[in-house]
Each structure stands twice: as structure tokens, then as C-alpha cells.
Amino acid sequence: DDEASEGRVHLDDDIPDVLPWEGWSITELTDKLAGKLPKLNELKPRQFLTTQRHKLGMRRHVVRVLTKVEKGNLYELFRVKRTASKSELKKARKRLMLLVHPDKNRHPRANEAFDLVQDAYETLNDRDSRDRHDHELMLADAEQRAARQRFRRTWRKRTKKTALVAW
């Protein structure tokens, strides 16, 4: 009962009849709690990295890597322009490798994402394979444009026919 009189309540214990914060205003309560909780800028970098929110954010990066590689545009994976230099590409690779590294990221497919990032970097870092990748992207873009044009043409024909019928 000494703990209850001091205002400390454990989750295992029953809640006492009179709570130590009963009668306090919201501002008093938040001020008391703010003194107990560490602020984000006061946390050491390692402590910040271990927060649950950060862990969930780290898992998101693995999913992004897996989907971007599947779509085929490696520039979107690294978030660089097609004209990016080797140094820009290297910086982007390092940043992404840290985010999906299996020791830092507990996602079940982090190893796979890590290997995919390395393979993508090797593809874009080598001049010949980068040219091949750019050519494949150019063909895919042309195919998408043609498909959009075909869709627009058929849409216009259908809307003209329905407009004539409606009149």
C-alpha cells in the first residue's frame, strides 16, 4: 500500500478508488507526463531506431524494393533521374542498402530485397547493361503510349456512336 499512497500503480494491481491524478486539469496531466516521457530530440540515435514506428517504416522499404524491381524501372527504385551520375547512384544505393539490410530490417524478405538492390545497382552502374535497361524502358514507354492511344480511339468511337443514338 506504500506504492498506492505514492501514486504508483502497476498494471497487475487493481486500480485504486482514488487515482493520484484525479482532479487535475488536462494541462497539469500533460505537463506531468511530459516530464516523464523522453522527447524525440533527446533520444540517442540508437534508441530512436528501435522504436516500433521506425520498425514498421523499415518494413515498408522492403515492400517498395520488391514492387519497384518487379515493375522494372530501376531508376524509380533508387529515386534518381535517368541522367543520374555514378556518384548519385552510389549514394542512393548506400541509402537504400542501409534501409533494407537484413541486420537492420526484420522483414522476412529483407535478404531478397538486399540482393535485388545490389543487382539493380550493378545493372545501372555498368554502361552496357544500363543502355540495355534504358532501351527496355523506352520500348515499354512506347508500348504504353500506343495502348493509351488505342484506348482513346476506341473510346471516341464508342462515345460518338452513343451520342448519335441519344439524339
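This is a predicted model: local features need pLDDT of at least 70, side-chain atom pairs count only at pLDDT 80 or more; totals for chains, interfaces and linings use all residues.
The buried residues of helix 7 are Ala110, Ala113, Val117, Ala120, Tyr121 and Leu124. Around the helix axis they cover an arc of only 100°, which places them on the same side of helix 7.

**Helix 7 and the ring of tyrosine 121**

- Helix 7 comprises the 16 residues 110-125, and its end C-alpha atoms lie 22 Å apart, in agreement with the 22 Å that it should span at 1.5 Å a residue.
- Tyrosine 121, one of the buried residues of helix 7, has the charged end of arginine 93 sitting over its ring, at 4.6 Å from the ring centre.

**Helix 6**

- Helix 6 runs over residues 86-100, and from its first C-alpha to its last this helix of 15 residues reaches 21 Å, close to the 21 Å expected at 1.5 Å a residue.
- Buried positions in helix 6 are Leu89, Ala92, Arg93, Leu96, Met97, Leu99 and Val100; seen down the axis, these buried residues fall within an arc of 155°, so they line one face of the helix.
- The exposed residues Lys90, Lys91, Lys94 and Leu98 are found on the other side of helix 6.
- Arg93, listed among the buried residues of helix 6, is the residue whose charged end sits over the ring of tyrosine 121.

**Serine 129 in helix 8**

- Serine 129 has its place in helix 8, and with a relative accessible area of 11% it is buried, because the cut-off for that class is under 20%.
- A polar atom of the serine 129 side chain lies 3.2 Å from the backbone oxygen of aspartate 126.
- When residues up to four places away in sequence are not counted, serine 129 touches Glu122 and Thr123.

- A pair of aromatic rings is described by the distance of the centres and the angle of the planes.
- The count of aromatic pairs comes to one, and it is formed by phenylalanine 151 and tryptophan 155, whose rings are stacked at 6.2 Å centre to centre with 20° between the planes.
- Both phenylalanine 151 and tryptophan 155 belong to helix 8 (residues 127-166), where they are four residues apart, about one turn of the helix.
- Phenylalanine 151 counts as exposed at 54% relative accessibility, whereas tryptophan 155, at 49%, counts as partly exposed, because the exposed class requires over 50%.

Technical notes
Residues are numbered from 1 along each chain as its sequence is written. Side-chain values use heavy atoms; hydrogens and water are left out. Rings of Phe, Tyr and Trp (its six-membered ring) pair if their centres lie within 6.5 Å; planes under 30 degrees apart count as stacked, over 60 as edge-to-face and the rest as tilted. Helices (H or I, at least four residues) and strands (E, at least two) are DSSP runs, numbered from the N terminus. Buried means under 20% relative accessible area, exposed over 50%, partly exposed in between (1.4 Å probe, protein chains only). A charge sits over a ring if NZ of Lys or CZ of Arg is within 6 Å of the ring centre and within 35 degrees of the ring normal. A polar contact is a pair of N or O atoms within 3.5 Å; within protein, one must be able to donate a hydrogen and the other to accept it, and residues adjacent in sequence count only if both atoms are side-chain atoms. Contact means heavy atoms within 4.5 Å. The expected span of a helix is 1.5 Å times one less than its number of residues. The arc is that of the directions from the helix axis to the C-beta atoms.
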